[in-house]
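Hi there,

Here is the structure I promised to pass on. Have a look at it first, and my notes follow below.

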Amino acid sequence: MSLSATLLGTGVGIPQIGRSQSSLLIEGDSRLLFDCGAGTLNRLSEAGKSPLDINTVFLSHLHLDHVSDLLALAKARYLMGTSWLSLYGPKGSASWLKALQAIYPYLAEMVISVHELEAGDHLDLGAYSIKTARAVHSVPALAYAVSTESRSIVYSGDTEPCPEVAELARGADLLIHECSFPEGVQVTNHTTPRRLGEMVKEVDRIVLTHLYPQAKGREAEMARLVADLSKTRTEVGRDLMRVVV
Ligand SMILES: [Zn+2]
Ligand SMILES: [Zn+2]
């Protein structure tokens, strides 16, 4: 069975035309949403999906550009007659959600079951096997690998290029990796093309996401550098781009 990845949001905390905040929809025999930044609900509609199609959400970390639409998603489901949602995220997700639900009493009627994950965790969810790895970011953050018997997609979340995520992605059909800035921008906690290209090995295809405004106009150069160094087909993602593996 094939797996598809629809990039719902390829942007960051700074607004950009055409790039919503982080979100990724993976579809095989069921749907999994990874991150739910601002704009995700609208992008879901544009992708032809209903909030009721999304029962399970994984968060890479709790920065606002990855979680802003989560409660909006829960509320939309509630308004449409479904009051539950299954949520997976890094350590701290449960207390974060509890604090938000305390501010909005009506949210208490929504049953959002939270499962906190740690790096190296492995869980089976229907036909999927999900593995996590530690991402290197300014707050606790996880990268995820979603596998079926024959296909696998890895999503980095926010991270510096790091051996843990490279290892998680080894052998994957598709790696969706953040590449926040073009070459020449000095950053920690995020990715630039050269370090990513040097780090990643044995992946069939790479799609870059989480682009800051500094990347505008340099997309082709960024993809080319990653492709040349990793010897892997690489593209810069766009909102609503769908990749089937
Ligand atoms: Zn972040
Ligand atoms: Zn981010």
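Is Glu 202 buried or exposed? Glu 202 counts as exposed, because its relative accessibility is 52% (buried means under 20% relative accessible area, exposed over 50%, partly exposed in between, with a 1.4 Å probe and protein chains only).

Before the rest, some housekeeping. This is a predicted model, in which local features need pLDDT of at least 70 and side-chain atom pairs count only at pLDDT 80 or more, while totals for chains, interfaces and linings use all residues. Residues are numbered from 1 along each chain as its sequence is written, chains are lettered from A and ligands numbered from 1 in the order in which they are written, and side-chain values use heavy atoms, with hydrogens and water left out.

Back to Glu 202: it sits in the loop between helix 6 (193–199) and strand 12 (205–209) (helices are DSSP runs of H or I with at least four residues, strands runs of E with at least two, numbered from the N terminus). Its phi is positive, near 60°, though the residue is not a glycine. Most residues other than glycine have a negative phi. Asp 35 also has a positive phi, of about 70°, but Asp 35 is buried at 0% relative accessible area. You will find Asp 35 in the loop between strand 3 (31–34) and helix 1.

Finally, Asp 173 lies in the loop between helix 5 (163–169) and strand 11 (174–178). Asp 173 is buried but has no salt bridge, the nearest side chain of opposite charge being Arg 151 at 5.0 Å (a salt bridge is a side-chain nitrogen of Lys or Arg within 4 Å of a carboxyl oxygen of Asp or Glu; Lys and Arg count as positive, Asp and Glu as negative, and His and the chain ends are not counted). The Asp 173 side chain does reach the backbone nitrogen of Ser 152, at 2.8 Å.

Best wishes

Conventions. A polar contact is a pair of N or O atoms within 3.5 Å; within protein, one must be able to donate a hydrogen and the other to accept it, and residues adjacent in sequence count only if both atoms are side-chain atoms.
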